Amino acid sequence: MSSRKTRPSRNNDNELVRLLSKLQALLPPSTSSANKTRVPPTKILHETCNYIKSLRREGDNLGERLSKLLDSMENNGVDVNTLKDLLQQ
């Protein structure tokens, strides 16, 4: 019984492998583990974290660019509120 408490069950191991495989498939092809069949779980998690951070930075950059663009359009007499409503749809 004690080994059952200290070691995850085989089903949990299989579930973890399945989930890591799904996560690995979501990584872009440019990452080193995206196309390999056997990669350590820590590497998959590390690359996933880095990918999420890069997506967040890209989203922040796009938001800043959009904000500047909307500000410049507002100064040129464009109805920015209508444009914002269209973008939120």
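The legends below describe several views of a predicted model.

Because the model is predicted, local features are given where pLDDT is at least 70 and side-chain atom pairs count at pLDDT 80 or more, while totals for chains, interfaces and linings use all residues. Residues are numbered from 1 along each chain as its sequence is written, and side-chain values use heavy atoms, with hydrogens and water left out.

**View 1. The chain as a whole has four helices and zero strands.** Helices (H or I, at least four residues) and strands (E, at least two) are DSSP runs, numbered from the N terminus. Read from the N terminus on, the elements follow the order α-α-α-α.

**View 2. Helices α2 and α3 cross at roughly 40 degrees.** Two packed helices are described by the angle between their axes and the distance between the axes. The axes of α2 and α3 come within 10 Å; such axes are lines fitted to C-alpha atoms over the stretch in contact, and angles run from 0 to 180 degrees between N-to-C directions. The two helices, α2 and α3, are therefore oblique to each other, since angles under 35 degrees count as roughly parallel, over 145 as roughly antiparallel, 65 to 115 as roughly perpendicular and the rest as oblique.

**View 3. The largest pocket has a volume of about 180 Å³.** A pocket is an open set of points on a 1 Å grid over the protein atoms alone, where a 1.4 Å probe fits, with protein on both sides within 12 Å along at least five of seven lines, and its lining residues have an atom within 4 Å of a point. The volume is the space filled by probe spheres set on the points, which are joined across faces, edges and corners. Ten residues line this largest pocket, and V17, L20, R38, V39 and I44 are the closest to its centre. Helix α2 supplies the largest share of the lining, five residues, and α2 and α3 (41-75) each supply at least two.

**View 4. V39 lies in the loop between α2 and α3.** V39 is buried, with a relative accessible area of 7%, and its C-alpha atom is 9.6 Å from that of L20, although V39 and L20 are 19 residues apart in sequence.

**View 5. Q24 sits in helix α2, which spans residues 10-26.** Q24 is buried, with a relative accessible area of 8%. The C-alpha atoms of Q24 and T48 are separated by 7.8 Å, while these residues are 24 residues apart along the chain.

Notes: Buried means under 20% relative accessible area, exposed over 50%, partly exposed in between (1.4 Å probe, protein chains only).
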